[in-house]
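Open the model in your viewer and keep the selection tool ready. The stops below go from a helix pair to a sheet.

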Amino acid sequence: MAAGDVSSEMRDGVLVVTLDHAPSNALTQAMRAALLALVQAPGAAEAIVVRGQGAVFCSVVAGERDRAAPDLATLCLAVQGCAIPVVVALHGSAMGPGAELALAARARVARAGTRIAFPDIALGLPPEAGSTQRLPHLVGAAEALRMFLTGRAVPAEDALNSGLIDQIVPEGETEAAITLARRLVGRPKADRGPGDPLAYQAAVAAARRDQQGAMPAIRRIIDCVEAALVLPLENGVALEAVAREDMEASDDARALRWAVDAERSSLVRLASVSGGSGGHVQHLGLHGTGPGMASLALLAVTRGFAVTWVAEDAAALARGIGWATERMQAEERAGRLSAAGHAAARARLTTGEGLWALAPAGVVVHVLAPGAAERSGLAADAVHVVLGGATGDIGLALARSGRMSELALPAGVGAKAASVLTDVLRLLGVPPVLVGERPVMGRRLAAAGATALARLTGLGVPKRLVAAALDGFGARLPDAALPDLGADLRPMPEAEILNRWLGALANAGLHLLEEGIAFQPSDIDHCLMAGQGFPRWRGGAMYQADRRGLMVLRRDLRLWAEDDPVWVPSPLLDRLIADGKRLSALNG
């Protein structure tokens, strides 16, 4: 039997249902309806096994809830209430709706390597189909809250240990699920229950303490998990549905959707200039010493790259090697790096004398732009990068967060070189965002924000008020020292402090757009969120400027410009207002 992207076949009394909607087996309305019909009227089947065709079981974050009937919550209630056992056979990944469907089944079998996640929190949303009620009964409140509040994927081995899945097999998960389903035929359903009520409540209380000041979706998820201790399933599902609807309409969820779109847009532009795989580079060369080089060396060797570092200043090179070594030792002491991993990483970090030592490197990062003679002494196909950028050269900057980078590709750089660098930077854990001639976006934004805050405290606004305003927004005071006159010379409402800070960031972003350094506003916000610690659920300074309105921003900037040039409005702001455009209209 087949109904669109859902097919089924009978195997010795077990109805095997296959989801086949490439690439992720997203549960469309038609698929939900077909599944619901099979679960409600299984015919002569004694049990049901649900499996996924292709690379994953079902792995997609849908964003706002698809309310077309039957919705996911209705399907999951039917699966859980089915008169015969329903077992899911997992492989690849089960995320979002796929994980929720799996939770509703009687049992779960997973192929080794499967990963399970509830990533809705990345969009500022609770789950949508009752998982806050089901998961705590399987794994306990503490583990359920960890999964919901981080959104991180859980490997199959950890899922087995916690009780989230019932069996791991190296392969043949469908056959294993059929075998398990047959064993469950005729057995009564068993709810493991929430466990020790006191431990459950303690986990909820601990989550509330740890998440003080967090975005509303986190607080609502904690409320729903707490309710799973006492409410019947249907009531708990209804409570979760109300929380989901409230959060979908919230400012946080809209800002997080902007954040996700900004990251996706950055990836799309990057893919447009790279031509697939540029070849596997395993050896990096570093030439010179300066800010960022030691961090780059540490990133590379701990992720499996060989690194050769040469520099004319031997003392500075020794300090850089020493810093990287100390960091590896600290990681080992903290348990984040094994002794064997530390030894292997340190062995991959070598020094050399003269540029000839960099000949094996596929990518060479320079502190200063290399001359023709220096380039000629290296491999002909090596990709040369200048840390901080230089006219005519590929430029690179690492974000202070250590989670992203900026990549400037001048005219004439081929698709292969772009692909090589993109692959390397992703493997280093600092995926790049493309910028114009120089990779200075993060540095300029950080300077504008710090300047605005320093000017406020210099004008007499108490440092404690500045810190409180940022903290309430979800941001942190920069590490740079701010003047503090120690007296309330100029009390200022938190809203004005925030708006001055956000206004300075947005104004700096406008200048970056006007100069062609940033390609679109969403790139600026992506840089702020991934690279500068700006809270994701606030969307970024450009998002906030659009939300308040560009005419309001211009009025404020003109008023504040008397206090510091950081608030002198960019000419681009006038042009946007004259054309009746929002910043979002500049996104590709």
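Select α3 and α4: α3 passes α4 in a left-handed crossing (left-handed means that the near helix is turned anticlockwise from the far one by less than a right angle, right-handed that it is turned clockwise). The model is predicted, with local features requiring pLDDT of at least 70 and side-chain atom pairs pLDDT 80 or more, while totals for chains, interfaces and linings use all residues. Residues are numbered from 1 along each chain as its sequence is written, and side-chain values use heavy atoms, without hydrogens and water.

Helix α3 covers residues 97–104 and helix α4 residues 131–139; helices (H or I, at least four residues) and strands (E, at least two) are DSSP runs numbered from the N terminus. Their axes come within 10 Å and cross at roughly 55°. Axes are lines fitted to C-alpha atoms, for helices over the stretch in contact, with angles from 0 to 180 degrees between N-to-C directions.

Next, show side chains at the contact (heavy atoms within 4.5 Å). Glu-100, Leu-103 and Ala-104 of α3 meet Ser-131, Arg-134, Leu-135 and Leu-138 of α4.

Now select the open sheet, whose eight strands are ordered β14-β13-β12-β15-β16-β17-β18-β19 with mixed pairing (strands pair if DSSP finds at least two bridges between them). At its edges, β14 (349–351) and β19 (432–435) each pair on one side only.

Finally, zoom to β12 (residues 283–287) and β15 (residues 363–366), which run parallel and are joined by four bridges. Pick His-287: its bridge partner in β15 is His-366.
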